[in-house]
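Hi,

Here is the model I said I would send over.

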Amino acid sequence: MKDKIIKLADKSACTGCGACADACSKSCITMVRKGLHIYPQIDAEFCIGCQKCMKTCPSINPLNSVEVSIQKYYACWHKDLSAVMTSTSGGVGTALAEHAIDCDYYVAGVVLTSEGEVKHVIATNKEDIQAFKGSKYVQSNSIGIYQECMKAIKEGHKILFIGTPCQTEAMKRILHSSLQDSLLTCSIICHGVNSSFVWNDYRNSLEKKCKSHIEKYNFRCKSHGWQKQNGGPNLRVSYKMISGKKADMPSWRNLFHYWFGQHFIMRPSCFKCQYRTEDRHSDIVIGDFWNVEKVLDDMDTCNGVSAVITTTVRGEEFLHTNPYLNATPVDAQKSKSVLKGLINRKSEETQNKEILRMGTFEQEYSQDGFEYMAKKYPCPTYIDQIINKIKSMI
């Protein structure tokens, strides 16, 4: 007889991490599409009410307070320029993964497969971690990765787990306390994750238009440098088709990225993410160090600079023993004030307006599909972009 009620996070709070499905010993939880995102669905016939899924969920469990005073901030970049140039910002993720492999860790990270899927996989050598390079502006498929990591740890391996803050928290929660010493977590400074279903539709539409499959897609291209001369992000997208056709454009001229920038296709839980605070819960936090020139004088930002925050003694030690990194300590308070995406500073009113707008877009998309929405919500023209810039300056 079931005497325990199973109640997971509602649609507005579920992060889609999939840890509940991995935690279920009876495999009675599946992640199903509802609108533009995936959510857990429980098969009540087989559920035994053990509540492992609830204990694992990073949304419904209160986060433990973090000793913010022990956090340390750094401006970092890979010592190998080629690693920097092929990475989103300073190549820190690559440096951490390389050091982990040297220290006999396995590394769990995100790849973009040849089929266009963004998913978490485990790498066991330096050749495989190269696929982790670069940001992917899509929610990764992390279902099953927690079980794979637990299996590897139980077999005697150590794991460096790289993911969004909710994914790293889920990994910590699903792992038994006696095994935590074998896990090192690295979360990204996350601005929110986008629908994998919209990404698939966009990719299919692009391939149909070009009459060729995508050979390589770069969500963050550095063809024009990492940062503009005025200090703003130099966000560009590039791709290459098997046919040889190439494209390189500002992100606002790319439909998928434009929709991301407008928060049309972002997961509902991301609008009020509980992890976008000064408190950070992974051992290490990494991201683009936009506005680093306001923290460090005479910093060359052309190729890219990463922000790194260590939040634990283990994270700090792992950073300082890393032979692949240049790490410069920076003032924590100054860094917090300029880092984009680290802390959610939007008002409740603004967030609610964005959620409402996203909900309208999701409803229309679910009803009318990609091609209809592409015509109704096209990228802005150059004149529109100039007008928007003027409005932002007023």
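Predicted model: local features only at pLDDT ≥ 70, side-chain atom pairs only at ≥ 80, totals over all residues.

Residues are numbered from 1 along each chain as its sequence is written, and side-chain values use heavy atoms, with hydrogens and water left out.

The sheet is open, with 3 strands in the order 8-9-10 and antiparallel pairing. Helices (H or I, at least four residues) and strands (E, at least two) are DSSP runs numbered from the N terminus, and two strands pair if DSSP finds at least two bridges between them. Strand 8 (214–218) and strand 10 (246–250) sit at the edges, each pairing on one side only. From one strand to the next, the twist averages 10°. Strand 9 (residues 236–241) is joined to strand 10 by 5 bridges, and R236 is opposite P250 in strand 10.

Helix 7 (residues 196–210) packs on this sheet and touches strand 8 and strand 9; contact means heavy atoms within 4.5 Å. Its direction makes about 130° with that of strand 8 (axes are lines fitted to C-alpha atoms, for helices over the stretch in contact, and angles run from 0 to 180 degrees between N-to-C directions).

Now the loops. Most residues other than glycine have a negative phi. D104, between helix 4 (92–102) and strand 4 (105–112), has a positive phi of about 65°. K211, in the loop between helix 7 and strand 8, has one of about 55°. D104 is exposed at 61% relative accessible area, and K211 is exposed at 77% (buried is under 20%, exposed over 50%, partly exposed in between; 1.4 Å probe, protein chains only).

Cheers
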